[in-house]
Amino acid sequence: MGIGNSGTSFDKIGNFKKNSPFEKVGTIDPCRFNVWHNDFDNYVAGQWEKTVVEAGSGSHSVGIVDGVAGGCLAVVTDNANGDRVNLQWSGGETQAKGTFVLDYTKKSYFFARLKCSVWSAVNLFVGLKDRDTAFDGLLSETNMHGVAVESLLSGGGSVIFNLNSTGTTVPIDAYGDGQRFAPTIADDQFIEVGLIYRPNRNVGNRLASSGNVSSVPPGNTAGNTAATNSAYQLRSAYFRDPAKPVGQQWTSCSNLRQLQDDPFGGGSSVDAADWPLNANMMPTIMIQTKEAAANTLTVDYMTMMQER
């Protein structure tokens with residue numbers, strides 16, 4: 001039987017909306033999402049607003065890690081307790097600029113791969129934040145969306161917090177030492193996390209390993225509330241555990257009631273008051289050492305996508 005040389009024509013493979021003049025363009029619509037991605041193949045100091053606090057030897061550093069394929073950014077504090085380095089994306093301007101304004105009616109996605117030299121002796125944050133040159137941790141802060149470590153809330157363990165917050169009452173979820181979902185998070189070991197928010201109920205992907213859920217710290221912990229508001233529970237968090245078999249490594253680590261992404265949470269609708277509304281936010285990387293020793297935050301990649 002002969003084989004013809006005629007090909008298959010796909011009339012539409014893109015995601016342009018119907019009744020658009022571009023509906024049948026055979027490509028992806030680049031305007032559907034506002035996308036910021038950095039794989040840290042290089043670091044241009046003039047593209048970040050850097051705030052440094054150091055009372056020790058004055059030896060903080062920011063730069064690309066040599067000999068690592070794919071690029072990694074290392075942010076190293078000085079060696080006095082409380083020393084910190086805060087980087088906020090400015091795109092070449094003299095002051096950080098925020099192009100992300102989170103909207104609870106629109107989809108958003110955040111992914112990052114990072115590691116810390118000593119997880120239990122640090123405050124750190126990787127995600128979106130409004131401009132804040134005094135930023136040094138989760139407590140008494142506003143307008144945050146990302147992944148963090150807070151020494152006062154970790155109880156001396158390696159605990160990672162996912163959060164979406166407007167103020168000092170931080171709706172958070174935790175995983176790591178002492179939590180119901182407690183993967184081994186060793187010092188200087190990369191972790192991968194993803195935050196997925198979609199305003200529609202029950203529209204997500206089931207994960208075979210999503211039976212693992214975490215719990216928040218005790219309710220009387222300073223600055224913490226149980227994750228019961230619907231805005232938070234509709235925004236799922238995922239952690240990649242390399243100790244699990246291939247195909248089961250991505251695990252839902254949110255305190256959710258169903259084995260499904262974006263399930264119905266604590267209410268029938270998203271509570272807009274729990275979102276950092278009307279706040280211009282930008283990619284932010286912050287690390288503060290909480291002991292008299294230098295600490296290093298290494299970020300392999302950061303990706304933020306928001307529906308327009």
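**Rings and charges: group meeting talk**

Let me open with Lys 115, which counts as buried at 16% relative accessibility; buried here is under 20% relative accessible area, exposed is over 50% and partly exposed is in between, with a 1.4 Å probe and protein chains only. Before I go on: this is a predicted model, where local features need pLDDT of at least 70, side-chain atom pairs count only at pLDDT 80 or more, and totals for chains, interfaces and linings use all residues. Residues are numbered from 1 along each chain as its sequence is written, and side-chain values use heavy atoms, with hydrogens and water left out.

So, what does Lys 115 meet in a salt bridge? Asp 188, at 3.4 Å, N to O. The cut-off is a side-chain nitrogen of Lys or Arg within 4 Å of a carboxyl oxygen of Asp or Glu. This pair links distant parts of the chain, with Lys 115 in strand S6 and Asp 188 in the loop between S10 and S11, 73 residues apart. Strands are DSSP runs of E, at least two residues, numbered from the N terminus. Asp 188 is partly exposed, at 44%.

There are 6 salt bridges in the structure. Another one joins Asp 300 and Arg 113, whose closest N and O atoms are 2.9 Å apart. Here the partners sit in S16 and S6, 187 residues apart. Asp 300 is buried at 11%, while Arg 113 is partly exposed at 24%.

Arg 113 has a ring contact too: its charged end sits over the ring of Phe 190, 4.0 Å from the centre. For that label, NZ of Lys or CZ of Arg must be within 6 Å of the ring centre and within 35 degrees of the ring normal.

Now the aromatics: 6 pairs. Rings of Phe, Tyr and Trp (its six-membered ring) pair if their centres lie within 6.5 Å, and planes under 30 degrees apart are stacked, over 60 edge-to-face, the rest tilted. Trp 36 and Trp 89 are 5.5 Å apart, centre to centre, with planes at 70°, so they're edge-to-face. Trp 36 is in S1 and Trp 89 in S5, so the pair ties together parts 53 residues apart in sequence. Together with Phe 40 and Trp 48, they form one aromatic cluster.

Definitions and conventions: Helix = DSSP H or I, 4+ residues; strand = E, 2+ residues; numbered from the N terminus.
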